[in-house]
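Hi there,

Here is the structure I promised to pass on.

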Amino acid sequence: MSLIYDPLHDCKLVGALRAIHGIRDSITIVHGRTGCHCGALLLKTLGSDQNNVRVVGSGFRSSDEVYGAEGRLASAIQLYYEYFKPQLIAALNCSAPVIMGDDIHGVASLMKEKIPADLITMDTGGYEGPAWIGYEETLAKVTDYMIPHERPSGKINLIGIKTDDINAHGDVIEIKRMLKDQGIEINTILNDANFDEIKNAPKASLNVVLGGDGLACARIMRERFDIPYITVSFPFGIKKSIEFLESVANGLDREIDTELVDREVELVKDGIERVYMFLQGIYAMPVAVIGEAGRAFDLAEFLSDELGLNVKILAISSKNHLTSDIIEDGNDHFGRVMIEPDRFEMNDALKKAGVSAIFGSTFEKKVASDLKASLIRISYPVLDEVSITDMPYAGFKGTLHLCETIINSIITRTLEEVEG
Amino acid sequence: MATEVREKNEISENESSFLGTFVSTYSTIPLHGITAIPGKIAGSLLVASAIEDAVPLIHGPVGCAFQRKINPFRPYSPFYTTPCTNLNDVDVVYGAEEKLSQGIVETYRRYRPNLILVITTCPSDLIGDDFDAAIRNVEEEVNCKVVYSTGDFVGRSRPIGYQDALYAITDQMLCNGNKEVEKNEGSVNIVTFPIHGAGVKVAEMTSVLGDMGIKVNKVCFDHTRVEDLYELNRADLNITDYPMSWAKLMKERSGVEHYEILGWDQYDKNKDPELLSPYGIAGSSRVFMDIAKLMGKEGMAEEVIRNRRREAEERLSVLKKDLEGIKVAATGGMHGLGLSLLKDVGVEVSILIYRMQVLEHRLTEEAIEEIVDLNMNLANKYEFDPEPLVNPTIEEEIEAVKRSGTDLVIAPSTTSHLYNREGIRTFDPTGFMLNHQRVGFECPVELCMLLKETLGTAQKRTPLLSMLEYDPHAYNMTPHWAKLSLAFNQLRSGAIDDGRVCEDRKPSEVIIDEPNI
């Protein structure tokens, strides 16, 4: 294995940021050098929620590496509170101040008396771990602010939604719709909620962990608030959407309304009928799926099992706590599985596999272009495609949207573009 | 590298207007110094990516490699290849020099580059790795040059990473005394910031210099390779956009003179505002004559400049007839569309708008006054008599535009809609700057044609962008982004003291109502 590594995933800082940013009335202060702040800001700004970017810097300077920057962070906390009046301020300690030993937790203790917002502080030095660990630790940390409730509401919490995934907004709407049709209500989405809603997450009767993201949080909530949890597939396609509904219903000791499900399936069938020749045409198309564990396994299975595509490579860009179990269980829908591979080695594998389409992120744009393969942008980070309608990739409606996107990614190209 | 440069007029037809649009689409993100500053890694990666056969090696953790794939200078073009040494907590405790040495060898074996640019990061800087030693340990195992950039070589020259990487290349590779170079007598290098179209932007300059008997040794960065860099010190003169630390070093070590198109140093000496105005006929003539003097070609240059100038003026005299009497509201400051260009095209500058809010956090009052005076002095010199508006609201601007009978506002696409909905036409200076603005005599001709085209386009009265709420002062931004910007600049400028003071400060002392961006 190579020592050098061209990563497919980010560091702990960005995992933590993604979790916090889903709390709508929060501000995240990146306590680190300008590059860390600038990169984090761009990750948010190049997405599809440009007027809701809530990541700021602490004003850290190179000279602070000598004298420390705790004071600067304190000023930043105060200033950003005055500007944005957030309910929650998260200060994320980057590599430089972590190594220097800035006591940001002490700063938070001091500032708690001065500002009427909750404060979360985390050490997220780049060398301390990958993004998924930052995400898990942050969701776990958020449980400290939750308020115990005696009587469960019969509602569920959905854990593992990342608001900066492409079409996340549409996915949430579709998942809510599917559940609502089955008479199931969502209490809180972690994290796509106000901080008060997060605090009231223990009102739920069941935690539903999507694709394994946020499992640590669900485990803590079970211990601390006695809320059971289930892990479910991300609902890509018909099969997984039905599985999702069945799992949630079972978790609540209920049955799903199969008539409603049949109606949904019928609607998907109507859509499929309208493009069936193209779907016949791409059947067995060799593809690669590159994405985070919480979604990529389920996407790859949908593509293989329902669309009949040949998933030659599945590259998991970022693991989660379920990844090793899934690998152990095995799944013949995936060809070669690569876990957090080096990009150079992955690109080499993609070239050898001869794929026609890559389901990946913006950073697969070049290899897709080199291979003259279509790129379907479905994995984090998508920084070169926007989505401002409510069209989902998840659920029954998402099935058709995915079909539409895949077919269009093929047929809109020119012969000149792909020849030779 | 473009020694065979193309003549300018090829761009609009062949380089595709899409490229301009592609660049412009991202140019509206309020980033550089407004809400954030790209770190040194991004600047160094810009250099590595501008050299075709170079590969960066980031000596740091995964985040420094993954997140920096986003190119803040060109967000439409990520840095796709960013291998790193994947530092972890053990490395931070015990050091990572050995890892760096091995990483260099692996990088070479994997990519077979001609140059590996090692870019250090916060963790590797702070733990005190000896980068030089780590490189020397494996120098003989790799058949390419290895250079390291820490961000510490160039003081406060910005962008630091960009300046530092070029300095490192000059220091450790080009001018380290290891290589004798045969001079290319009477030649210059033209080295511009590696943004799109560098080759095109210097095409006319190359042609003019050629007529003056000055050869172009190298143009950077335009398909530049390591072998091209090795030839830089064959030239007599380096021409850069603005002061560059590497050029000063090359002068010290190899005797290659340097000349900056934006003459900050000269301006400091005699405060002639035209020294900061290198565009248009007058500005370009001055720049070409400066270069000619440094190259000892004044005699030939005078005639070349005269001829080129006459040709351009003849074309302009016809073209600008349609612009006679057209009143324009221009933007003052350091980055506006140059008044000299507006003078060339024969419009009347009726209003001069200054938006100094961001600068107020960074510059002294005197410096800001100097910028205002500088623009007014230039306006007077060109016989304009504009009404100055300092930090106006949009309502004040529109009122002034209507009152003065101004026909066109020089306004970027971030604010155009605010004027357009009032029936006022706009011209985008950012698009012009990115795609057309350069030293040369063609530039005012292009501006003239573009202004005429703008005045003939349909009025846009109901732009969707006007549906949004904008900050009353920083009206290129929504209130949310205006706050991000204001807070960023307040922290950066030290307007907010650090916590040593903060502890005793009352909340009201945080200036939160200041509307300046």
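**Around Pro159(B)**

Pro159(B) sits in the loop of chain B that runs between strand 3 (145–149) and helix 9 (160–174); helices here are DSSP runs of H or I with at least four residues, strands are runs of E with at least two, and both are numbered from the N terminus. Before going further, a word on conventions: this is a predicted model, so local features need pLDDT of at least 70 and side-chain atom pairs count only at pLDDT 80 or more, while totals for chains, interfaces and linings use all residues. Residues are numbered from 1 along each chain as its sequence is written, chains are lettered from A and ligands numbered from 1 in the order in which they are written, and side-chain values use heavy atoms, with hydrogens and water left out.

Back to the proline. Pro159(B) is partly exposed at 23% relative accessible area (buried means under 20%, exposed over 50%, partly exposed in between, with a 1.4 Å probe and protein chains only). Leaving aside residues up to four places away in sequence, Pro159(B) touches Phe73(B), Phe193(B) and Tyr242(B), where contact means heavy atoms within 4.5 Å. Phe131(B) is 28 residues from Pro159(B) in sequence, and their C-alpha atoms are 22 Å apart in space.

**Chain B as a whole**

Chain B has 25 helices and 12 strands. Of its 517 residues, 59% count as buried. Among the contacts in chain B with a separation of 6 or more, 71% are between residues 24 or more positions apart. Chain B exposes about 21300 Å², with 48% of that coming from carbon and sulfur atoms; accessible areas come from the Shrake-Rupley method with a 1.4 Å probe, and for residues only the protein chains shown count as cover.

One surface feature to look at is a nonpolar patch formed by Leu464(B), Leu465(B), Met467(B) and Leu468(B), with about 470 Å² of accessible area together. Patches are built from residues with over 30% relative accessible area and no salt bridge, joining like charges within 9 Å and nonpolar side chains (Val, Leu, Ile, Met, Phe, Trp, Tyr) within 5 Å. Met467(B) belongs to the loop between helix 23 (442–455) and helix 24 (479–493) of chain B, and is exposed, at 65% relative accessible area.

**Salt bridges**

How many salt bridges does the structure hold over all chains? There are 60, counting a side-chain nitrogen of Lys or Arg within 4 Å of a carboxyl oxygen of Asp or Glu.

- Glu204(B) and Arg438(B) pair at 3.9 Å, N to O. Glu204(B) lies in helix 11 (residues 203–211) and Arg438(B) in the loop between helix 22 (429–435) and helix 23 of chain B, so this pair ties together parts 234 residues apart in sequence. Both Glu204(B) and Arg438(B) are buried.
- Lys343(B) and Glu383(B) meet at 4.0 Å, N to O. Lys343(B) is in helix 17 (residues 339–345) and Glu383(B) in the loop between helix 19 (365–381) and strand 10 (387–390) of chain B, so parts 40 residues apart in sequence are tied together. Lys343(B) is partly exposed at 33%, whereas Glu383(B) is exposed at 68%.
- Lys271(B) and Asp268(B) form a salt bridge of 3.9 Å, N to O. Lys271(B) is partly exposed, at 41% relative accessible area, and Asp268(B) is exposed, at 52%.

In chain A, a network of salt bridges links residues including Arg18(A), Lys44(A), Asp171(A) and Glu292(A).

**Where the chains meet**

The interface brings 65 residues of chain A into contact with 68 residues of chain B. The two chains bury about 5700 Å² between them, 68% of it on carbon and sulfur atoms; buried area is the accessible area (1.4 Å probe) that two parts lose on being put together, summed over both. On the chain A side, Leu3(A), Ile4(A) and Tyr83(A) lose the most area to chain B, together 14% of what that side buries.

Chain A and chain B share 3 salt bridges. Glu345(A) and Arg110(B) meet in a salt bridge at 3.9 Å, N to O.

His9(A), in the segment before helix 1 of chain A, is buried at 6% relative accessibility. Its contacts, not counting residues up to four places away in sequence, include Pro130(A), Glu340(A), Val62(B) and Phe66(B).

Happy exploring!
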